[in-house]
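Open the model in your viewer and keep the selection panel at hand. Each stop below gives a selection and then what is found there.

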Amino acid sequence: MPAAPPVPREPADPLRAVAVGVLNLSGLGIGYLLTRRWIGFAVALIATGVFLASALPADADGVSGGVLVAYLVFLGLAAVHGAVRGLRTRLSFPPQAPLALLLGLVMLAVPAGAVVYYDGAKDDATQQMLLDRLDKADQLVQAAKAKPFESAKPDYSSALGSYQDLSSGHPGSKAAKQVPGRLQAFYTAVGAPYDQKKYCDAIEPLKYLRTVPDHVDRKALGTLTGWPDDRLATSLYECGVTELTQPAAGSASGSGKFGELLTTFPQSPQAAKVEPAVKANIDATAKGLGGSDPCGTTDKLRTLGSNAASLPGDKAGVTDALKADSQRVDGYVQTGMYNCGLSQYRSGSFDDALTTMKSFTGKYPHDKHRPLALKIAIAAEIATKVPAAGKKVPSMGSGGSISITFTNDSPDAVEILYTGPVTGSFTLKGCSSCSRYSSESLAHSLACKATGKHYAKKTLHLPTGTSYIMQKPIDDTDSATPIADTHQFRSGYIYTECAYVLESYSF
C-alpha cells in the first residue's frame, strides 16, 4: 500500500511568532499553552513558582541578584523559544495572530503589576525594618536607665549610633521622622540623675551629652545641642557645695567641681555663686573652732583656704575675692591651732599638745595667746613623763615663797622645766671642769659638792604645794633622756636640786 502523503507544514506567520513570544514573557507559559507545548508550559510554571518562592514574602533586602538575573534569562529564552515554535504552529485560541498579540500585551500587565506590588511590599518591609531598628535602640535606652552610667554608656552609644544612621542614612523613612522625638527621650534618659537631684551622679552623663553633637547631625538635634549646658553648670555647683559641707565624704574642698565650673562656664550664674558659697562655708566651719573638735575644724579650714586660693577664678573675675577668703582662713587657723593644742592638753594627749603648741608659738610670735601657749607646752612636756603634771592648765602666775637652788654638775647644759602653781623654764650652762659619773652611788656622794668647781646655779622661788620639775640635758646628739619628779614644797625649808650625768644615762 502506498504511504500517505506528508501533511503540509503550516505557513510561517511572523506576527503569530511574536505573539507567542510575548505571551511567554508573562512568566505563565501562555504561549506554550496556546501552541500546545505542554512540557514548555509546565517548565514555565515551575520556573515562575520557584522564583516566587525565593522572592516572597518581600523583605528589605529584595530578591537575590543571581536569582533575578537567572529568571530574566529564562523568560528571554522562553520568549525566543516560543516565538520559534509559534512561527509555524497554529494557535488553539484565539484563531487570529493579532488578537493573540493583543492578549500577550495585556498579559504583560501581570509581571508589570507584580513588580509594582513587589516594590511596594519591599518598601513596606524596609520601613518596618527601620522601625524595628528604632525600637531596638529605644529598648537599649530604657534598659540603660537602670544601670550605673559607666556600664550603661556602651548601650547609650549604640542607640545613638542607630539614631544617627536612621537620620542621615534613611532621611525620608518613617523611622527617621521619629528620630528627633527619640533624641529628646534619649537626652532625658541620660540626664535623669539631674532631674532626680543627684547632682554629683549627673555630671558625667551630662558631659557625655555635650559630646553628642560631635556624632549626630545638629539639625536632628535642634535645641538639644545646648540642652546639657545649664544642667551641667548647676550640677557642678551643687556637687561642689555638697563636697564643701561634707569634706570627709570625698573631695575635701569641692575645688575640683568648683574649679571645673569656673573653667567651663565662667560667665554662668552658677559660677557667680561659687565665691559666696566658699566664703559662707569658711565662716560656718570656723564656728566649730570653739566646739568639741577644734583640731578637726582647723584641718578643714586649712584645706578650705588652700583650695580657695587654688581655684581658677580669672575667667570668672573672682580671683581677688577668693584670695581674700584664703587670707581670712589664715586668721581662723591661727585661732584654731591654739584651741587645738589646748584641747589636746585637756584630753591628756600631751605629745600632740606639745607639738601643736611649739608649732603655734613658733609661727605666731605676736599672738596674744602665745605666753600661755608657751607654758602649756612646758607643762605638756613634763606631763609626757609625769601625767599628773597635766591635770590643770597652767596659770600665768609667777614667783613664790619657797627657795629652790638648782646646780648643774654636768659637762652639758641642762634645761630646767617646772609646772604646778607656776610654770616656766630656764637653762643652766654646763660645767667645763665637770664630767660624767661612773655610778649613781658615786654621784650621790660627790655631785655638786666640790668646792673648787664653778657650777652654774640658779635660785627659783615657787609657791608651797606640789610642783613637777624636769631636768633635760642639752647635747648635740639629743640622746640624753630627760627625767621628771614630783616635789612637795613646804614653808620653812630651803631646797636644793643637783643635776648630774652618769656614763650610761642622764639624771
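This is a predicted model: local features need pLDDT of at least 70, side-chain atom pairs count only at pLDDT 80 or more; totals for chains, interfaces and linings use all residues.

Residues are numbered from 1 along each chain as its sequence is written, and side-chain values use heavy atoms, with hydrogens and water left out.

**Stop 1: the patch**

Select Val69, Val73 and Leu77. They form a nonpolar surface patch with about 280 Å² of accessible area together. Such areas come from the Shrake-Rupley method with a 1.4 Å probe, and for residues only the protein chains shown count as cover. Patches are built from residues with over 30% relative accessible area and no salt bridge; like charges are joined within 9 Å, and nonpolar side chains (Val, Leu, Ile, Met, Phe, Trp, Tyr) within 5 Å. Val73 sits in helix H4 (residues 65-86); helices (H or I, at least four residues) and strands (E, at least two) are DSSP runs, numbered from the N terminus. Val73 is partly exposed at 47% relative accessible area, where buried means under 20%, exposed over 50% and partly exposed in between (1.4 Å probe, protein chains only).

**Stop 2: helix H7**

Select residues 149-169. Helix H7 has 21 residues and reaches 28 Å from its first C-alpha to its last, close to the expected 30 Å; the expected span is 1.5 Å times one less than the number of residues. Now colour H7 by burial: its buried residues include Phe149, Tyr156, Leu160, Tyr163 and Leu166.

**Stop 3: salt bridges**

A salt bridge here is a side-chain nitrogen of Lys or Arg within 4 Å of a carboxyl oxygen of Asp or Glu, and the count comes to 13.

Start with Asp138 and Arg182, whose closest N and O atoms are 2.5 Å apart. Asp138 lies in helix H6 (residues 109-144) and Arg182 in helix H8 (residues 174-190), so the pair ties together parts 44 residues apart in sequence. Asp138 is buried at 15% relative accessibility, whereas Arg182 is partly exposed at 25%.

Next, select Lys207 and Glu260, with closest N and O atoms 2.6 Å apart. Lys207 belongs to helix H10 and Glu260 to helix H13 (residues 255-264), so this bridge ties together parts 53 residues apart in sequence. Both ends are partly exposed: Lys207 at 26% and Glu260 at 24%.

Then go to Arg302 and Asp299, 2.9 Å apart at their closest N and O atoms. Both lie in helix H16 (residues 294-310), three residues apart, about one turn of the helix.

**Stop 4: two positive phi angles**

Most residues other than glycine have a negative phi. Select Lys197, in the loop between helix H9 (192-195) and helix H10 (199-211). Lys197 has a positive phi of about 65° although it is not a glycine, and it is exposed at 60% relative accessible area.

Finish at Cys448, in the loop between helix H20 (440-446) and strand S4 (456-462). Cys448 also has a positive phi of about 65°. What is Cys448 in contact with, leaving aside its neighbours within four places in sequence? The partners are Thr407, Asp409, Tyr437, Tyr455, Cys498 and Ala499, contact meaning heavy atoms within 4.5 Å. Thr407 is 41 residues from Cys448 in sequence, with 6.7 Å between their C-alpha atoms.
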